[in-house]
Amino acid sequence: MLLLAASTFGCAAPAPVTYAQGGPFQRAAPAPASANLTSRLLAAHNIERARVGAPPLRWDAALAAAAAAYGPTLSRLGRLEHSARASRPGQRENLWMGSRGRYSPEQMVGSWASERQWFRPGTFPNVSSTGNWLDVSHYTQMIWRTTTNVGCAVHSDARMDYLICRYSPPGNVDGRRVP
């Protein structure tokens, strides 16, 4: 998880916004006008999967809606905390937060992809060169071979952007091989 400090200097707080599907992500790094949040998030995931020979993920609107529903909770908490597994059966969840409007969708997903530096192929959870599987858990979920669907949402409040991605079928299963 990446937590970045945010600061505001006397600015009026804009209303929270959640982007679950489609539409340009206008407050992040510049991108082609035709790019939209959904395709950019999906492409960022599938680039990592292609690196390891995993089949591409498909966008799942129901997973995106579930992710969007959790955004206001993260905003209220002001920190990253996974939703209860009982509330998302058959799903796994990756979370990210950073200063509002400072990061593109590719940078957000890229923070999870950067865990690749500590990843070593093997049987989960023994897949981290650091000895701590949590250091690679976002990355391993992204590349988990039997995961086929992803849905994500970005929720923004006055200070922070929160990226929530849901995956199905779930990855990071103990005793299973990771590419």
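Colleague: What does a side-chain oxygen of Asn36 do at the start of H1?

Modeller: The oxygen comes to within 3.1 Å of the backbone nitrogen of Thr38. A polar contact is a pair of N or O atoms within 3.5 Å; inside a protein one atom must be able to donate a hydrogen and the other to accept it, and residues adjacent in sequence count only if both atoms are side-chain atoms. The 3.1 Å of this pair is therefore inside the limit.

Colleague: And what are we looking at?

Modeller: This is a predicted model, in which local features need pLDDT of at least 70 and side-chain atom pairs count only at pLDDT 80 or more, while totals for chains, interfaces and linings use all residues. Residues are numbered from 1 along each chain as its sequence is written, and side-chain values use heavy atoms, with hydrogens and water left out.

Colleague: What makes the length of H1 agree with a helix?

Modeller: Helices here are DSSP runs of H or I with at least four residues, strands are runs of E with at least two, and both are numbered from the N terminus. The expected span is 1.5 Å times one less than the number of residues. The 15 residues of H1 should therefore span 21 Å, and the end C-alpha atoms are 22 Å apart, which agrees. After H1 comes Gly53, with a positive phi near 75°.

Colleague: What makes the meeting of Glu48 and Arg51 a salt bridge?

Modeller: The term asks for a side-chain nitrogen of Lys or Arg within 4 Å of a carboxyl oxygen of Asp or Glu. The N to O distance of this pair is 3.3 Å, so the pair qualifies. The two residues are 3 apart in H1 (residues 37–51), so they are separated by about one helical turn.

Colleague: How many salt bridges does the structure hold?

Modeller: There are 6. One of them joins Glu81 and Arg79, with the closest N and O atoms 2.4 Å apart. Glu81, at 35%, is partly exposed, and so is Arg79, at 41%. Another pairs Arg166 with Glu93 at 2.9 Å. This pair links distant parts of the chain: Arg166 sits in strand E6 and Glu93 in strand E3 (residues 92–99), 73 residues apart. Both Arg166 and Glu93 are buried. Salt bridges with shared partners also join Glu48, Arg51 and Arg116 into one network.

Colleague: Which side chain does His138 meet in a polar contact?

Modeller: That of Glu115, at 2.6 Å. His138 belongs to helix H4 and has 4% relative accessibility, so the residue counts as buried.

Colleague: What covers the buried residues of H3?

Modeller: The cover includes H1, E3, H4, strand E5 (149–156) and E6. Among the buried residues of H3 (residues 105–113) are Met108, Val109 and Trp112.

Colleague: Which residues of the largest nonpolar core touch the most other members?

Modeller: Trp112 and Leu163, out of 25 residues. H1, H3, H4, E5 and E6 each give two or more residues to this core. A nonpolar core is a set of buried Ala, Val, Leu, Ile, Met, Phe, Trp, Tyr and Cys residues joined through side-chain atoms within 4.5 Å. Contact means heavy atoms within 4.5 Å; leaving aside neighbours within four places in sequence, Leu163 is in contact with residues including Leu41, Leu95, Trp112 and Val154. A separate core has 11 residues, among them Tyr70 and Met97.

Colleague: What stands out about phi of Asn172?

Modeller: Its value is positive, near 55°, in a residue other than glycine. Most residues other than glycine have a negative phi, and most peptide bonds are trans. Asn172 lies in the loop between E6 and E7 and, at 13%, counts as buried. Pro169 is found in that loop too, between E6 (160–168) and E7 (177–178).

Colleague: What is the peptide bond from Ser168 to Pro169, cis or trans?

Modeller: Cis, with omega near -20°. The bond from Phe124 to Pro125 is also cis, with omega near 15°. Pro125 is placed in the loop between strand E4 (122–123) and helix H4 (137–143).

Technical notes: Buried < 20%, exposed > 50% of the residue type's maximum accessible area, 1.4 Å probe, protein only.
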